[in-house]
Structure formats: C-alpha cells, structure tokens
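Thanks for coming. I have one structure to go through today, so please look at the sequence and the model as they come up.

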Amino acid sequence: MTVSAVSSATTATTTTSSSSSTSSSSSLTSSDFLSLLVSELQNQDPLNATSTTDFINQLTSYANFTQQQSINSNMSSLASSFSSLVTLNSVNYIGHTVEAKTDTATLSNGSATFGYSLSSAASDVSISISDSSGNVVYTGTGTANSGSNSFTWDGKDSSGNQLSDGGKYTISVTATDSAGNSVLNYTTVTGTVTGIDTSTSTPSLTVNGVSVSAANILGVTS
C-alpha cells in the first residue's frame, strides 16, 4: 500500500512538473518530499494503514535528505570561497619573475631561455625548437647534469638567420641514459608574470606572453 500511494503521488508530481513551462529541473525538493508523505497518508487504505515503523523510516529519509542538501550548499559555498582565495593568491604573482612547468616561451630581445630537469645524469641530450606552426627551426644539444639544467636559445634558426621577436617557440628535450632510458622529468620557462586569467577553475598566469596554469608554478625567483 505504501508503494502504491507514493507511486501515485510521484506520478502526479511528475505530470505537474512536465506541464510547467517555468521548471526544467527534475530534482526532488524538500517540499516535494513532504508532499509525497502527505499524499501517502491521505491515500492509504484504512484497513491496511502505513505502519509506524515504515512512516518513521520515511521521516528519517527526509531528515537525511534535508541534511544532504545543506551539506551540498555549504560545500558549494566553500568551493566558491576557495576559488576566490586561489585567484587572490595568483594576483600576488604579477610583476614577479617565476619558474613554471611549461615548454613554450616568447622570443624577446633576440633570445629565449628554457630549463629542463633530469632525474639522473644523461649520456645524450637533444634539443629542438619549434615555431607556433610546429615547424622545427633549431636543433642542438644540451647539458646532461642530474637535476636542473638551463638552455638559452639565441633566436637563430638552423641556417643562422635571426628570427623576429614576439614569436612563441616550443622546446622539445630528449634525454636518455647509457641504457637508452629517458631521464627527462619536465621542461620549464622562467619569466615575468604580467597578468592572470580567471575564466577557468584554475587561474592561468601570463608569463612572458604565454599562458601558464598557476598550479604549474615551481617558484618565484625575484
């Protein structure tokens, strides 16, 4: 009997919701829940009434449902506050020189400086630089020390032609040990933060004209 009454109330609620042009949500609100309980009591069979135990269980479910709604609301508020805090912290980077995990830098004053980290000393380190269209403009070798290494590209292509400032260039590093295993951890770029973008959940910093996630900042150098 309990199932029949709730089913009937649910059908009525669904029909009402579908005919309304102002509501597009199918989620159950606390008012809907109470309406279902009232409908159940009104439509129950007097000769087979809902047991006290079943009714208490339904009231308990309602209490849990209401509590869950409150928790969800509080979590949303907390997430919003946390996002604002992350944005505020990101603003503090503006004007500072940072090192970040990324592989792209802007050619400025005829050069671009990259970094890369090796898990152990390498026997061979090959470096290539590509333009924004993916064309390789430079190939060479780099230092093979364990830990942090730096590479400054003079902005010249493989033919010795000086490329114009302002272009974005991407570094690719291949570092292997004597057994041919890769020992590359990641590549980095060091530059000045000139702005932030908060349009996504994780703010992005503009480092020398290149967008870098705030989560990829390794440290502040000045």
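I will go from the whole chain to its sheets, then to single residues.

This is a predicted model: local features need pLDDT of at least 70, and side-chain atom pairs count only at pLDDT 80 or more, while totals for chains, interfaces and linings use all residues. Residues are numbered from 1 along each chain as its sequence is written, and side-chain values use heavy atoms, with hydrogens and water left out.

First, the overall layout. The chain has three helices and eleven strands. Both kinds of element are DSSP runs numbered from the N terminus: helices are H or I with at least four residues, strands are E with at least two. Along the sequence the pattern reads α-α-α-β-β-β-β-β-β-β-β-β-β-β.

Of the 222 residues in the chain, 27% are buried. Buried means under 20% relative accessible area, exposed means over 50%, and partly exposed is in between, with a 1.4 Å probe and protein chains only. The chain exposes about 12900 Å², of which carbon and sulfur atoms supply 50%. Those areas come from the Shrake-Rupley method with a 1.4 Å probe, and for residues only the protein chains shown count as cover.

On contacts, meaning heavy atoms within 4.5 Å: of those in the chain with a separation of 6 or more, 68% are between residues 24 or more positions apart.

Now the sheets. Two strands pair if DSSP finds at least two bridges between them. Four strands form an open sheet in the order 2-7-4-5, with antiparallel pairing. Its edges are strand 2 and strand 5 (136-141), each of which pairs on one side only. On average, neighbouring strands of this sheet are turned by 25 degrees against each other, direction ignored. The axes behind that value are lines fitted to C-alpha atoms, for helices over the stretch in contact, and angles run from 0 to 180 degrees between N-to-C directions. Within the sheet, seven bridges hold the antiparallel pairing of strand 4 (residues 124-130) with strand 7, and Ser128 stands opposite Ser172 in strand 7.

Next, strand 3. How many of the seven residues of strand 3 are buried? Six are, so strand 3 (residues 112-118) is largely enclosed by the rest of the structure. Strand 3 is joined to strand 6 by seven bridges, antiparallel, and to strand 8 (residues 184-197) by five bridges, also antiparallel. Tyr116 illustrates both pairings: Asn149 stands opposite it in strand 6, and Thr187 is its bridge partner in strand 8.

On to strands 9 and 10. They form a hairpin with two residues between them, and they pair in the antiparallel sense over four bridges. Thr206 has Ser211 as its bridge partner in strand 10. In a regular strand the side chains alternate between the two faces of the sheet. Strand 10 has a covered face, Val210 and Val212, and an uncovered one, Ser211 and Ser213.

The turn of that hairpin brings up backbone angles. Most residues other than glycine have a negative phi, and most peptide bonds are trans. Asn208, in the loop between strand 9 (204-207) and strand 10 (210-213), has a positive phi near 50 degrees. Asn208 is partly exposed, at a relative accessible area of 34%. Asn109 also has a positive phi, near 55 degrees. Asn109 sits in the loop between strand 2 (104-106) and strand 3 and counts as exposed at 74% relative accessibility.

Then the rings. There are two aromatic pairs in the structure. Rings of Phe, Tyr and Trp (its six-membered ring) pair if their centres lie within 6.5 Å; planes under 30 degrees apart are stacked, over 60 edge-to-face, and the rest tilted. For Trp153 and Tyr169 the ring centres are 4.9 Å apart and the planes are at 65 degrees, so this pair is edge-to-face. The pair links distant parts of the chain, with Trp153 in strand 6 (residues 147-153) and Tyr169 in strand 7 (residues 168-176), 16 residues apart. Both Trp153 and Tyr169 are buried.

A charge sits over a ring if NZ of Lys or CZ of Arg is within 6 Å of the ring centre and within 35 degrees of the ring normal. Lys101 lies over the face of Tyr186, at 4.6 Å from the ring centre.

Last, Thr97, which is in strand 1 (residues 97-101). Is Thr97 buried or exposed? Thr97 is buried, with a relative accessible area of 19%. Leaving aside neighbours within four places in sequence, the contacts of Thr97 include Thr190, Gly219 and Ser222.
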